[in-house]
Amino acid sequence: MKIPELCLVALVGVSGSGKSTFARKHFLPTQVLSSDAFRALVADDENDQSASADAFAALHFVAGKRLAAGRLTVVDATNVQPHARQALVALAREHDVLPVAIVLDVPEDECWARTQARPDRDFGRQVISRQQRDLRRSLKHLGREGFRQVHVLHGVNEINTAEIGYEKLF
Ligand code: GTP
Ligand code: MG
């Protein structure tokens with residue numbers, strides 16, 4: 001896939017779909033703002049869901065600073081809910097930067113199997129099922145939400161063989 005040299009990338013995928021793994025593989029660590037890292041920053045615990053509002057406020061603030069400085073920024077959060085994506089589209093527009101969605105669409109069974117194997121996650125399957133439902137609903141609307149590009153990677157193989165190139169868009 002080709003993405004603009006300067007854009008705001010919203011990764012979209014349920015927990016365990018491999019967003020953080022994908023981000024590590026394709027982007028610089030400093031380009032990636034993850035909701036987990038910001039929960040840890042504001043609450044000492046990346047799983048503290050009660051810290052989400054503050055974590056996202058801090059994440060959006062830093063993302064805004066990066067975009068204002070013309071730096072590609074990747075938001076590593078589930079982004080399966082419309083309001084989460086709307087905030088990112090608005091932020092990109094505010095800074096005259098193109099919002100791009102990259103969707104990691106992985107079967108729920110696979111995400112759940114990976115999650116069970118993780119020492120750093122202890123939520124139940126219903127959490128992933130709910131996210132999967134939100135994702136399914138979202139897929140139809142992504143294009144109309146204001147994303148300039150929507151790249152949907154279907155399944156583990158497409159995700160693991162994806163390559164990212166850059167295009168100048170001016
Ligand atoms: P959350 O942060 O919980 O939303 O998950 P995430 O989407 O960031 O997933 P992450 O990249 O952390 O991957 C979840 C688990 O699956 C980790 O233990 C990864 O090592 C593993 N994983 C990621 N990609 C692959 C893959 O292609 N194959 C296999 N077997 N495991 C993978
Ligand atoms: Mg992650």
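Predicted model: local features only at pLDDT ≥ 70, side-chain atom pairs only at ≥ 80, totals over all residues.
Two or more lining residues are contributed by each of helix 1, helix 2 (35–43), helix 3 (52–68), helix 4 (82–94) and helix 6 (125–139). The space taken by ligand 1 is this largest pocket, and the elements that give two or more residues to the shell around the ligand are helix 1 (19–26) and helix 7 (155–161). Of these elements, helix 1 gives the most to the shell, with three residues.

The shell around ligand 1 comprises 14 residues, among which Ser15, Lys19, Ser20, Thr21 and Arg121 come nearest to the ligand. When the shell is sorted by class, two of its residues are nonpolar, seven are polar and five are charged.

Several contacts with oxygen atoms of ligand 1 can be described at the level of individual atoms, with a polar contact taken as a pair of N or O atoms within 3.5 Å. A polar side-chain atom of lysine 19 lies 2.7 Å from an oxygen atom of the ligand, and Lys19 is also listed with the residues that come nearest to ligand 1. Backbone atoms take part as well: a backbone N or O atom of glycine 16 is placed 3.0 Å from a ligand oxygen atom, while for serine 17 the corresponding separation between a backbone N or O atom and an oxygen atom of ligand 1 is 3.4 Å. Taken alone, ligand 1 exposes 650 Å², and the protein buries 69% of that area.

Methods
Residues numbered from 1 in each chain as written. Chains lettered and ligands numbered in written order. Heavy atoms only, no water. Near = heavy atom within 4 Å. Polar contact = N/O pair within 3.5 Å; in protein donor to acceptor, adjacent residues only side chain to side chain. Areas by Shrake-Rupley, 256 points an atom, 1.4 Å probe, with all protein chains shown as cover. 1 Å grid on protein atoms, 1.4 Å probe; cavity = no way out; pocket = protein on both sides within 12 Å on 5 of 7 lines; lining within 4 Å. Sits in = over half its atoms within 2 Å of the grid points. Helix = DSSP H or I, 4+ residues; strand = E, 2+ residues; numbered from the N terminus. Nonpolar A, V, L, I, M, F, W, Y, C, P; charged D, E, K, R; others polar.
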